[in-house]
Amino acid sequence: MLDSAFPYRRAFSEFKILDRDFTCCPSDEDWVKAETIAKFLRPFYEMTTLFPGSHYPTANLYFHKVWKIHMLIKKDIGSEDPNIKAMAMEMEKKFTKYWQDDYRPIASMAVALDPQNKLK
């Protein structure tokens, strides 16, 4: 949704000039925050599209995507942006609650048995 709003940034500003009753126009600071949040959320969207109801990924793909999500959350906990840091901390809590114990043992076995991931 955020990505679809960005092309209309100029239209919001011009509408504010044309209509004095238009009071909910995002400020430049709001647009910067929205762009930062969209950049933060984009990888999560891309990875979760692997898990739609009509397509079932194999366990080796599942493990890599969930692991990548976990690494992104851990990286963003150290963000200097307080909004991103707060979101990442909340996501870490949810991730730990729902995924931490489930994705490691079973999915890691699938990765270990996958011929593409053989170790030397």
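Among contacts in the protein (heavy atoms within 4.5 Å) between residues at least 6 apart in sequence, 57% join residues at least 24 apart. The structure is a predicted model, in which local features need pLDDT of at least 70 and side-chain atom pairs count only at pLDDT 80 or more, whereas totals for chains, interfaces and linings use all residues. Residues are numbered from 1 along each chain as its sequence is written, and side-chain values use heavy atoms, with hydrogens and water left out.

The secondary structure consists of seven helices and zero strands, where helices (H or I, at least four residues) and strands (E, at least two) are DSSP runs numbered from the N terminus. Along the sequence, the pattern is accordingly written α-α-α-α-α-α-α. Of the 120 residues in the protein, 22% are buried; buried denotes under 20% relative accessible area, exposed over 50%, and partly exposed the range in between, with a 1.4 Å probe and protein chains only.

Helix 3 (residues 28-48) packs with helix 5 (residues 82-98) at an angle of about 30°, and the two axes are 10 Å apart. Axes are lines fitted to C-alpha atoms, for helices over the stretch in contact, and angles run from 0 to 180 degrees between N-to-C directions. Helix 3 is therefore roughly parallel to helix 5, given that angles under 35 degrees count as roughly parallel, over 145 as roughly antiparallel, 65 to 115 as roughly perpendicular and the rest as oblique. The crossing of helix 3 past helix 5 is right-handed; this applies when the near helix is turned clockwise from the far one by less than a right angle, and left-handed when anticlockwise. On the helix 3 side, the residues that meet helix 5 are Lys-33, Thr-36, Ile-37, Phe-40 and Phe-44. Their counterparts in helix 5 are Asn-83, Ile-84, Met-87, Ala-88 and Met-91.

Asn-83, located in helix 5, is partly exposed at 35% relative accessibility. The C-alpha atoms of Asn-83 and Ile-37 are separated by 8.1 Å, although these residues are 46 residues apart along the chain.

Two further positions in helix 3 were examined. Ala-34 lies in helix 3 and counts as buried, because its relative accessibility is 13%. Leaving aside residues up to four places away in sequence, Ala-34 touches Leu-2 and Phe-6. Ala-34 and Asp-3 are 31 residues apart in sequence, with a C-alpha to C-alpha separation of 9.0 Å. Thr-48, also placed in helix 3, is partly exposed, with a relative accessibility of 41%. From Thr-48 to Tyr-62, the separation is 14 residues in sequence and 9.8 Å in space, C-alpha to C-alpha.

Three aromatic pairs are present in the structure. Rings of Phe, Tyr and Trp (its six-membered ring) pair if their centres lie within 6.5 Å; planes under 30 degrees apart count as stacked, over 60 as edge-to-face and the rest as tilted. One aromatic cluster is formed by Phe-6, Phe-12 and Trp-31. Phe-6 is also one of the residues touched by Ala-34.

The structure contains zero disulfides, a disulfide being a pair of cysteine sulfur atoms within 2.5 Å. Cys-24 is in no disulfide, and its nearest cysteine sulfur, that of Cys-25, is 7.7 Å away. Cys-25 is likewise in no disulfide, the nearest cysteine sulfur being that of Cys-24.
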